[in-house]
Amino acid sequence: MIKLFEPSSFFVAIAAFLILFWLLKKYAFGPLFGIMEERRILVQSQLSNAESNRLQSEKLLTEQKEAIIEAKKSAYDILEQARQASGRQAEELIHSAKAETVRLKEEALKDIENEKDKAVAALRSQVSALSVMIASKIIEKQVDAKSQEQLVEQYLKEVGGKQ
């Protein structure tokens, strides 16, 4: 009959298993577990670096979006300032043109007034000269009313011809 359990072979098998286990633990499992631990640490490090890079990328993306918004706002402000400056320049040009128009109008009115005064002065001097001439002619000739009327008409014609 076959014996299932032989104590001598059982103890030999256990001793062989323990020796084999100890050898595997010392020479195979230790380095294998060490390599697996290093691999676990490397994977963990790469995962944390990837997460850190992702967070940094999101932060940079947010900063770039804010920079773009700021640049757009700055460009809008510059355009608005340019519009306002051009509006002010247009108003200044209109104002200076109006002021120049008023000045030229005033100068023209002064020139007209001066010319009028000169014309009135010239007319007065002519009238006074004619009055003196008429008076001297009247004094030279003592004439009746009809001749006096003719004399006045003659001098009026002379005055009318000089103008």
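Four aromatic pairs were identified in the predicted model, that is, the count comes to 4, where rings of Phe, Tyr and Trp (its six-membered ring) pair if their centres lie within 6.5 Å, and planes under 30 degrees apart count as stacked, over 60 as edge-to-face and the rest as tilted. The rings of Phe10 and Phe11 have centres 5.6 Å apart and planes at 65°, so this pair is edge-to-face. One aromatic cluster is formed by Phe17, Phe21, Phe29 and Phe33. The structure is a predicted model, in which local features need pLDDT of at least 70 and side-chain atom pairs count only at pLDDT 80 or more, whereas totals for chains, interfaces and linings use all residues. Residues are numbered from 1 along each chain as its sequence is written, and side-chain values use heavy atoms, with hydrogens and water left out.

The secondary structure of the chain comprises 2 helices and 0 strands, both types being DSSP runs numbered from the N terminus (helices, H or I, at least four residues; strands, E, at least two). Of the 163 residues, 2% count as buried; buried denotes under 20% relative accessible area, exposed over 50%, and partly exposed the range in between (1.4 Å probe, protein chains only). The chain exposes about 14700 Å², of which carbon and sulfur atoms supply 64%. Accessible areas come from the Shrake-Rupley method with a 1.4 Å probe, and for residues only the protein chains shown count as cover.

Phe10 and Phe11 also contribute to a nonpolar surface patch of about 610 Å², together with Ile14, Phe17, Leu18 and Phe21. Patches are made of residues with over 30% relative accessible area and no salt bridge, like charges being joined within 9 Å and nonpolar side chains (Val, Leu, Ile, Met, Phe, Trp, Tyr) within 5 Å. Ile14 is located in helix α1, which spans residues 7-140.

The whole structure contains 7 salt bridges, each defined by a side-chain nitrogen of Lys or Arg within 4 Å of a carboxyl oxygen of Asp or Glu. Among them, a network of salt bridges links Glu51, Arg54 and Glu58. In the contact between Glu51 and Arg54, the closest N and O atoms are 2.5 Å apart, and the two residues lie in helix α1 with a spacing of 3 residues, about one turn of the helix. Arg54 additionally meets Glu58 in a salt bridge at 2.4 Å, N to O; Arg54 and Glu58 are 4 residues apart in helix α1, again about one turn of the helix.

Glu115 and Lys118 both lie in helix α1, separated by 3 residues, about one turn of the helix. Lys118 is exposed, with a relative accessible area of 54%.
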